[in-house]
Amino acid sequence: MAPGTADRPEENQGQSAPGVRTAIVVDDHVDICTVVTAQLRKLGIDAQGMTSKEALLRALEAPHPDLLLLDLSLGDSDAVEIFSLLHDRGFSGRVVLMSGHSGSVLDHARRIGERAGVEIGGTLRKPFRRRELEAVVSAFGGAVEVAPPHRVEPVEPGLLRAALDNGWVEFWYQPKIDLRNDLIAGMEALARIRHPERGVLAPSAFLPPIADADLHDLTVAAARAALALCARAGSHLPAAINVAGRTILRPGLIEALKALGPGVEQRLILEITETDLIGDLAAAEAFATRAVLHGFRISIDDFGTGYATFERLRHIPFAELKIERAIVHGCAEDEALRRICRAAVELGHGFEAKVVAEGVETRADRDAVRTLGFDLAQGYLFSPPLPADAMRALLADRAGVLPRR
C-alpha cells in the first residue's frame, strides 16, 4: 500500500453515479481484464470483460455499454481497427484507452479515435492503479470516490511538514495474521495526522504533494514509532513500514534507519510498491539490494496493480509478496480471481518469499486464501488499523486476533 493507507479502500462499494452504469473491458491479457472488471464492479458498475475483437463485436449486438475500456493492442487486432468498427455500429458511449506504450502513442491513438467519431473519455497508461481508474471513470460521473476509514479532507500542501514539526503525526497499526493459526505474525505501520482543530486525518489529506524530504522524515518516524511500540509491548514481531518511490531515490535512508539502534534491521520490513518497482527498476533494485546487504527484508506491496513481469521481479531480492486487495476480495466466489491468486502464490513461493493476502474481509475469502496457500493475511475480518495503545495491548497480551464476523 502507499505510505499510510489502510487496506479497506472500498467502504461504500456498490454505489455509482448515474453517468456510468455499464462497462466493457477489452484486453487480450486475461488477468488484466479480470482485475479491471472486478474493480469496476466494486464501484457499482455492471462490467464485463472480454479478450478479443470477436467477443466485443458479439457484445455490441446487445445494448451498448456506457463505457468501453479498450487496450490499444489486442493480439491480432488493435484499437485503430476497433475505432472503425465502433463508428460503423453507431457506438455512443465513451472509450477509455489503456496501454503499456508511451504517452505519445496513447495521444496518437486518442486523436485517431476522435477523428473516427469516437468519444475518447480518457487514457490509462499501464501500469495504472485503482485510484487512477476511479479518477477517469469519475470524470464523467461514473463512480463515487470511496471514503477511507477517516474523514476525506482536501489535500493541503505543507500539512505534513507542519505535522512533523509540531508532533501531530501518529501511527496506527494493522496486524498481519499467520493463516496457519490466526495468530499475529507482524504488523504494518500506517500514518495519520491528529490535527488540533480538524481531528484525525487520513493520508489522502497530506500525502500526494509532499516533498522528498518530508517523505524521508515520515519514513524514519514510522520506523522509530514501530520500534518503540514493540519495545514497550515486549514484542519481537516484525513491523513493516512503507517506503515511497521518491524516498528510494533519496540517499541516506538506510543509514538513517540503522542509526535508530542496534538490530533494527532484523525488526523492520521495508515495503515498496509494485508500481515503484516498475517505474524505476534500476533504483528499486539498487535500494533493495543495499537494504538486504544491511540485513533488512524487502516486501513488494500492492502486487497486481501494476502488472509487474516475472523478468522484473527477479531483479528484486524480496522476502514477501503482498497481493492487492482488488485481487483477493471476492476470490472465494470468483474463479478468475482465484486463478490469479493461485498463480501469485506460486510466483511468490517460487522466489522463496512469503505471500500475503491484503483486504481479507469475509470468512469465505479467508478460507479461500488459506486453501490457495497464502502464508499471511491482513484485513478487517481480523482487525482494522489500531491506534498505538490498542496495538500495544494486543501485542502484550500475545493473543490471536479473532474474526469479527
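The model is predicted, so local features require pLDDT of at least 70 and side-chain atom pairs pLDDT 80 or more, while totals for chains, interfaces and linings use all residues. Residues are numbered from 1 along each chain as its sequence is written, and side-chain values use heavy atoms, without hydrogens and water.

I begin with strand 6, residues 94–99. Helices (H or I, at least four residues) and strands (E, at least two) are DSSP runs numbered from the N terminus. Five of the six residues of strand 6 are buried, so the strand is largely enclosed by the rest of the structure; buried means under 20% relative accessible area, exposed over 50%, and partly exposed in between, with a 1.4 Å probe and protein chains only. Methionine 98 stands opposite aspartate 71, and leucine 97 has threonine 123 as its bridge partner.

Next, lysine 322 belongs to strand 14, residues 320–323. Lysine 322 is buried, at 0% relative accessible area.

Finally, the structure holds one aromatic pair. Phenylalanine 318 and phenylalanine 351 are tilted, 5.1 Å centre to centre with 50° between the planes; ring centres of Phe, Tyr and Trp (its six-membered ring) must lie within 6.5 Å, with planes under 30 degrees apart stacked, over 60 edge-to-face and the rest tilted. Both residues lie in loops, so the pair ties together parts 33 residues apart in sequence.

Notes: Two strands pair if DSSP finds at least two bridges between them.
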